[in-house]
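Here is a short briefing on one protein model. Keep the 3D view open and find each part as you read.

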Amino acid sequence: MTKAAIQGSGLVKRYGRRNALDGLDIEIPENSVTAVLGPNGAGKSTFMRMLTGLVTPDQGTLRVLGEAPSWKLNGRISYLPDRARWYEGHTVAEAIRWGSNLLPGFDAAQALQLVEQLGLKADMDVKGMSKGQEARLMLAMCLARDVPLLVLDEPFSGIDMISRERIVAALIDSFSDRRQTVLICTHEIPETESLFDHAVFLNDGTVALSGDVEELRATRGSVQDIYRQLYV
Ligand SMILES: Nc1ncnc2c1ncn2[C@@H]1O[C@H](COP(=O)(O)OP(=O)(O)OP(=O)(O)O)[C@@H](O)[C@H]1O
């Protein structure tokens with residue numbers, strides 16, 4: 001039996017009369033690359049924010065790397081929030097220096113290699129970057145951390161399709177060398193599905209389906225096919 005890096009049981013988060021999470025039972029296997037999928041409003045970002053303690057459950061229990069979410073635990077999580085803008089007013093090199101000083105497990109040499117691999121230059125100003133260029137910087141900053149859990153909320157949003165395919169190919173190589181649990185929430189399923197070895201499909205704040213991607217493929221088709229079956 002694979003150990004779980006994340007275990008949530010009966011998680012509820014209410015906003016007014018709406019439940020963003022509605023009794024969510026979820027397990028993410030350790031050292032897997034797991035997709036968190038589902039339509040707009042399914043509860044994906046709420047769940048990811050909960051992992052870092054930014055959102056507190058109204059009910060239920062959550063264990064992340066064997067602990068309850070906390071500021072202390074966040075030193076072991078590399079989190080890319082949706083709609084993130086952290087480095088305005090910096091150059092790429094300054095952002096990397098900032099990461100070295102402040103982010104636990106941050107490897108500046110690896111970050112520099114990643115930004116170059118992603119088509120950015122150290123002397124570029126973040127202010128004035130296109131949305132896709134900024135998304136690449138955010139992704140590189142999160143990937144350059146040697147921590148047990150990576151939580152990436154829509155890391156490919158704004159990046160053009162061909163670049164996305166190249167980045168995904170590079171990520172497949174990089175993830176296979178790591179002992180990290182990686183959680184990725186994305187709407188770009190066709191270009192990214194080769195990344196995943198586990199998938200969780202959310203709907204209305206609960207799990208509609210989850211499992212090993214190879215096993216799901218053998219019985220139900222590609223991740224994209226399953227997505228259509230579940231949500232059309
Ligand atoms: N801070 C908030 N205040 C009020 N409602 C919220 C808040 N955060 C989330 N919600 C609501 O909770 C539900 C789930 O939102 P969430 O952002 O988790 O969905 P999502 O699956 O990440 O969607 P998307 O694919 O659009 O990013 C939505 O109905 C949303 O409007």
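This is a predicted model: local features need pLDDT of at least 70, side-chain atom pairs count only at pLDDT 80 or more; totals for chains, interfaces and linings use all residues.

The chain has an average pLDDT of 93. A ligand sits among twelve listed neighbours, including K44 and D82.

**Confidence**

- At least 70 is the pLDDT score of 99% of the residues.
- For the complex, the predictor reports an ipTM of 0.98.
- The pTM is 0.94.

**Around the ligand**

- Y15, R18 and A20 belong to the shell around the ligand.
- G38, N40, G41, A42 and G43 are also in this shell.
- K44, S45, T46 and D82 complete the list.
- Two elements give two or more residues each to the shell: β2 (18-29) and α1 (44-51).
- The largest share comes from α1, with 3 residues.
- Sorted by class, the shell holds 3 nonpolar, 6 polar and 3 charged residues.

- Look at G8 for an example: its bridge partner in β4 is L62.

**The parallel strands**

- Strands of a sheet pair through backbone hydrogen bonds, and the pairing can be parallel or antiparallel.
- β5 (residues 77-80) pairs with β6 in the parallel sense, over 4 bridges.
- Opposite S78 stands L150 of β6.
- β6 also runs parallel to β7 (residues 181-185), and 5 bridges join these two strands.
- L152 has I184 in β7 as its bridge partner.

- β6 (residues 149-153) is mostly covered, with 5 of its 5 residues buried.
- On one side of β6 lie L149, V151 and D153, and on the other lie L150 and L152.
- Both faces of β6 are covered.
- In β5, I77 and Y79 point one way, while S78 and L80 point the other way.
- These four residues of β5 are all buried.

- Where does V92 lie? V92 is part of helix α2, which covers residues 92-102.
- Why does V92 count as buried? V92 is buried because 25 C-beta neighbours lie inside 10 Å, and the cut-off for buried is 20 or more.
- Leaving out residues up to four places away in sequence, V92 touches V115, L120, K121, A122, M124 and L137.
- V92 and L120 are 28 residues apart along the chain, and their C-alpha atoms are separated by 8.0 Å.

Notes:
Residues are numbered from 1 along each chain as its sequence is written. A residue is near a molecule or strand if its C-beta atom, placed from the backbone, lies within 6 Å of it. Ala, Val, Leu, Ile, Met, Phe, Trp, Tyr, Cys and Pro count as nonpolar, Asp, Glu, Lys and Arg as charged, and the others, Gly among them, as polar. A residue is buried if 20 or more other C-beta atoms lie within 10 Å of its own, exposed if 12 or fewer, and partly exposed in between; C-beta atoms are placed from the backbone. Two residues are in contact if their C-beta atoms, placed from the backbone, lie within 7 Å. Two strands pair if DSSP finds at least two bridges between them. pLDDT is the predictor's confidence in each residue, from 0 to 100.
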